[in-house]
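Here is a short briefing for a first look at this structure. Please keep the sequence and the model in view while reading.

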Amino acid sequence: MSATRAHTKSASVPSADADADADAAGTELDPDAETGAATPGTDQGTDSEDTLELRLPEELLALLDPEGTGRGGHREPSRDDGTTPPYTAQPYATPPNTALTPACGDLLGNIADWGPVTTPAGVFHLVPVQVHRDLPLISRWMNDPAVTAFWELAGPQRVTEEHLRSQLTGDGRSVPCLGVLEGTPMSYWEIYRADLDPLARHYPARPHDTGIHLLIGEVLHRGRGLGSTLLRALADLVLDKRPACARVIAEPDLRNIPSVTAFLSAGFRFSAEIDLPAKRAALMVRERSLRDLL
């Protein structure tokens, strides 16, 4: 499933979830099932006019960044010779101890420590993106025709790299992650603070609303209902790990029927149609109070 880049071209990201649920028509239209496009996470990092500025006191930043790497600074793991290990799937067999890149941490309760969750499809966990390791894989996914229409990140690797770094060098309100199922990276996610995102201007946001963008990267994982399975598991994980969050939000393109269907199957409810800069979206909501009913 793919979401669509909703608000602006720098918006978070589209979802590839819908792809997973589209076994009909043979076209996985929506690689980002959950939110429908790169709406909140990415846009916020690249479009200063569309971003709600969040500044932390210098004293707090100093405590959070004792080594003085600077706000948003981050380090990639390296070998003794100074090079970055090549990307392989095996290191994801168990949750790695990777620190989230923003120097001030993330504003989502440290996703790197959320750990794995057991789903009907197998053990799944989110691994925060490391650009030098994960860029080739994510860029390849972004150039898949089924994904391109909604994420708008096709082209050379630098296009995807800019999208990732706009989040990784930000203040932690949006976190790009690989979705690892049974030890294999197979999806790309963006978990973001919807209440701090430009999206909040388009719906009655509540404090700590958390948004999701999803892209099912590998074709073999699409069209099997996997998007719905992972969306439900991830939404429940957000609610479990973020006690202050009462709702998980998504905004897939209204035209992306497979994506909208995937959210509905995952326990989200259709709340409203909203006009975003880059699309007309279906506002999908999974509420803590209804999680056991839907």
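Two strands pair if DSSP finds at least two bridges between them. Helices (H or I, at least four residues) and strands (E, at least two) are DSSP runs, numbered from the N terminus. This is a predicted model, where local features need pLDDT of at least 70, side-chain atom pairs count only at pLDDT 80 or more, and totals for chains, interfaces and linings use all residues. Residues are numbered from 1 along each chain as its sequence is written, and side-chain values use heavy atoms, with hydrogens and water left out.

**The chain as a whole**

- The protein chain has 8 helices and 10 strands.
- Of its 294 residues, 57% are buried. Buried means under 20% relative accessible area, exposed means over 50%, and partly exposed lies in between (1.4 Å probe, protein chains only).
- Contact means heavy atoms within 4.5 Å. Among contacts in the protein chain with a separation of 6 or more, 72% are between residues 24 or more positions apart.

**The sheet**

- An open sheet is built from 8 strands, in the order β3-β4-β5-β6-β7-β8-β10-β9, with mixed pairing.
- Its edge strands are β3 (117–119) and β9 (269–276), and each of them pairs on one side only.
- On average, neighbouring strands of this sheet are turned by 30 degrees against each other, direction ignored. Axes are lines fitted to C-alpha atoms, for helices over the stretch in contact, and angles run from 0 to 180 degrees between N-to-C directions.
- β3 and β4 (residues 122–128) run antiparallel and are joined by 3 bridges. There, Thr118 stands opposite Val123 of β4.

**Strand β6 and its neighbours**

- β6 is mostly covered, with 9 of its 10 residues buried.
- On one pairing, β5 and β6 are antiparallel over 8 bridges. Leu178 stands opposite Tyr188 in β6.
- β5 and β6 make a hairpin with 2 residues between them. In the turn, Glu182 has a positive phi of about 50 degrees.
- β6 also pairs with β7 in the antiparallel sense, over 7 bridges. Ile191 has Ile212 in β7 as its bridge partner.

**Helix α7**

- α7 (residues 226–241) lies across β3, β4, β5 (174–181), β6 (184–193), β7 (210–216), β8 (247–250) and β10 (279–287). The helix runs at about 150 degrees to β7.
- The 16 residues of α7 reach 22 Å from the first C-alpha to the last, close to the expected 22 Å. The expected span of a helix is 1.5 Å times one less than its number of residues.
- α7 is mostly covered: 12 of its 16 residues are buried. Among them are Leu226, Gly227, Ser228, Leu230 and Asp236.

**Helix α4**

- α4 (residues 131–142) has 12 residues, but its end C-alpha atoms are only 14 Å apart. A straight helix would reach 16 Å at 1.5 Å a residue.
- α4 is mostly covered too, with 9 of 12 residues buried. Those buried include Arg133, Asp134, Trp141 and Met142.
- The cover over the buried residues of α4 includes β4, α5 (145–151), α6 (157–168), β5, β6 and β7.

**Aromatic pairs**

- A pair of aromatic rings is described by the distance of the centres and the angle of the planes.
- Rings of Phe, Tyr and Trp (its six-membered ring) pair if their centres lie within 6.5 Å; planes under 30 degrees apart count as stacked, over 60 as edge-to-face and the rest as tilted.
- The structure holds 3 aromatic pairs.
- One of them is tilted, because the rings of Phe124 and Trp189 have centres 5.7 Å apart and planes at 55 degrees. This pair links distant parts of the chain, 65 residues apart: Phe124 is in strand β4 and Trp189 in strand β6.
- Phe124 is buried at a relative accessible area of 1%. Trp189 is buried at 0%.
- Trp151 and Tyr188 form an edge-to-face pair, 5.5 Å centre to centre and 65 degrees between the planes. Trp151 lies in helix α5 and Tyr188 in strand β6, so the pair ties together parts 37 residues apart in sequence.
- Both Trp151 and Tyr188 are buried.

**Cysteines**

- A disulfide is a pair of cysteine sulfur atoms within 2.5 Å. By this rule, the count is 0 disulfides.
- Cys177 counts as buried because its relative accessibility is 0%. Cys245 counts as buried at 1% relative accessibility.
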